[in-house]
Amino acid sequence: MGTAKERGETTVEENNRIAQVMDEMGLNAWGICGFEPLRPFLLPCRAAARLPSCPQAVICVLFPYHVPLASRNLSRYAVGPDYHSVVRELLAQAAQKLQNSSPTYQFVPFTDSSPIPEVRAAVA
């Protein structure tokens, strides 16, 4: 079974630090799962090279994607800024804040092009 840390479990103190950063960033739909249960399902992609050498946990953040309906002949996804850019910037800022609050860990943000199987991680 290994230790709690090896299983990707976080301490109450670590959870509180993460929760504080997420709250400061306005990211209120998130969760944590261990990395090891996801390892057999990692997706082959170039972004896998950005994974830390010994990943322990995955923080999943949900970004609701809702654009109000408009009376025009334009796809909803094309209204407003590209969500990839918006999400990437928010996650980069959150990762930096998390890094500052927990310097012994590495926080690597991914958006869409990730080796992490997102749906499995979200329900883990």
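By a nonpolar core I mean a set of buried Ala, Val, Leu, Ile, Met, Phe, Trp, Tyr and Cys residues joined through side-chain atoms within 4.5 Å. With that in hand, let me turn to this structure, which is a predicted model.

The largest nonpolar core has 10 residues, namely Cys33, Phe35, Leu38, Ala47, Leu51, Val58, Cys60, Phe110, Ile116 and Ala121. If we leave aside its neighbours within four places in sequence, Phe110 is in contact with Ala47, Arg50, Leu51, Leu91 and Pro115. There is also a second, separate core of nine residues, and Met22, Met25, Leu27 and Ala95 are among them.

Two of those names bring me to helix H1, residues 12-25, whose 14 residues should span 20 Å at 1.5 Å a residue, and this agrees with the 20 Å that separates its end C-alpha atoms. Its buried residues are Glu14, Ile18, Val21, Met22 and Met25, and because they cover an arc of only 100° around the axis, they lie on the same side of H1. They pack against strand E1 (30-34), strand E2 (57-61) and helix H2 (83-101), whereas the face turned away from this buried side carries the exposed residues Val12, Glu13 and Asp23. Just after H1, Gly26 takes a positive phi of about 75°.

Finally, the cysteines: the structure holds zero disulfides.

Notes
Residues are numbered from 1 along each chain as its sequence is written. This is a predicted model: local features need pLDDT of at least 70, side-chain atom pairs count only at pLDDT 80 or more; totals for chains, interfaces and linings use all residues. Side-chain values use heavy atoms; hydrogens and water are left out. Helices (H or I, at least four residues) and strands (E, at least two) are DSSP runs, numbered from the N terminus. The expected span of a helix is 1.5 Å times one less than its number of residues. Buried means under 20% relative accessible area, exposed over 50%, partly exposed in between (1.4 Å probe, protein chains only). The arc is that of the directions from the helix axis to the C-beta atoms. Contact means heavy atoms within 4.5 Å. A disulfide is a pair of cysteine sulfur atoms within 2.5 Å.
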